[in-house]
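Visitor: I am new to this one. Could we go through it together, beginning with a single residue?
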Amino acid sequence: MGSPVPTPAELLEKAERSAVHLEMRDGYMRSDPKFIAWQSGHHPDPTDREQWWRPWHDVVASAVERGVVVRRARIVSEPVSEYIRFEYDITYQNIAAGEQVRWLPRRRASDLALPGNDFWLFDGRLVLWNHFTGDGELSPEGKEISADRAVVELCATAFESVWQRGIDHADYRV
């Protein structure tokens, strides 16, 4: 059995220049207590940072302070799913940590060549694949890592294509 696959946080802590994340599903981890609370009407107060700031935000903020550019692009079906509405509502948290976020309506992505799974790409050299079940839960296979040059190039090209067409979070409306 191989060594464990590093987490996105561990890889971001080592990133030197860039970290990009492409999300292409309309729902993730619907069992997440934060999503369930949101469905019940609990919406974190953006002015109460203590209420919503998580260790992930510390990792992002630290990376951005070191000069790492952290970008996240989301391809979404419209009208958006309930889960995407939840993500949209809490994206201010990602932005407060220093991430740049764009949204691309799926109908505008039809002619783009995209990989089959969501991924992180670190420093243009290492891909971390995220594997999910059909219900959006983390797959038993979890994550997979690749430094294969062709895979890295596919992911870099796909991300940049989505990013160019994407709508900045400040301008996107659900």
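Visitor: Which residues does Q93 touch, leaving out those up to four places away in sequence?
Guide: This is a predicted model. In it, Q93 touches P44, W52, R54 and H57, once residues up to four places away in sequence are set aside.

Visitor: Where is Q93 placed?
Guide: Q93 belongs to helix α5.

Visitor: And is Q93 buried or exposed?
Guide: Q93 is buried, because its relative accessibility is 3% and the cut-off for buried is under 20%.

Visitor: Which residues make the contact between α4 and α5?
Guide: First, the geometry: the axes of α4, residues 55-65, and α5, residues 82-97, come within 8 Å and cross at roughly 35°. On the α4 side the contact is made by H57, V60, A61 and V64, and on the α5 side by Q93, N94 and A97.

Visitor: How many of those are nonpolar, polar or charged?
Guide: The residues of this contact comprise four nonpolar and three polar, with no charged residue.

Visitor: Staying with α4, which of its residues are buried?
Guide: The buried residues of α4 are W56, H57, V59, V60, A61 and A63.

Visitor: What covers them?
Guide: The cover includes α1 (8-14), α3 (49-52), β2 (69-76), α5 and β4 (118-122).

Visitor: What comes just after α4?
Guide: G67 lies there, and it takes a positive phi of about 100°.

Visitor: Changing topic, how many helices and strands does the protein have?
Guide: The protein has six helices and seven strands. Along the sequence they follow the pattern α-β-α-α-α-β-α-β-β-β-β-α-β.

Visitor: Why call the protein as compact as a globular one of its length?
Guide: Its radius of gyration is 16 Å, close to the 16 Å that the globule rule gives for 174 residues, so the protein is as compact as a globular protein of that length. Its C-alpha atoms fill a box of roughly 45 × 35 × 35 Å along the principal axes.

Visitor: How much of it is buried?
Guide: Buried residues account for 43% of the 174 residues. The protein exposes about 9,100 Å², of which carbon and sulfur atoms supply 51%.

Visitor: What about contacts between residues at least 6 apart in sequence: what share join residues at least 24 apart?
Guide: That share is 77%.

Visitor: Lastly, which residues does the UniProt domain annotation cover?
Guide: The unreviewed UniProt entry gives "domain: DUF6879" for residues 10-173. Over residues 10-173 the chain is 37% helix and 26% strand, and the end C-alpha atoms are 32 Å apart.

Notes:
Residues numbered from 1 in each chain as written. Predicted model: local features only at pLDDT ≥ 70, side-chain atom pairs only at ≥ 80, totals over all residues. Heavy atoms only, no water. Axes fitted to C-alpha atoms, helices over the stretch in contact; angles between N-to-C directions. Helix = DSSP H or I, 4+ residues; strand = E, 2+ residues; numbered from the N terminus. Contact = heavy atoms within 4.5 Å. Nonpolar A, V, L, I, M, F, W, Y, C, P; charged D, E, K, R; others polar. Rg over C-alpha atoms; globule rule 2.2 N^0.38 Å. Buried < 20%, exposed > 50% of the residue type's maximum accessible area, 1.4 Å probe, protein only. Areas by Shrake-Rupley, 256 points an atom, 1.4 Å probe, with all protein chains shown as cover. UniProt positions renumbered as here; feature names shortened; annotations may be inferred.
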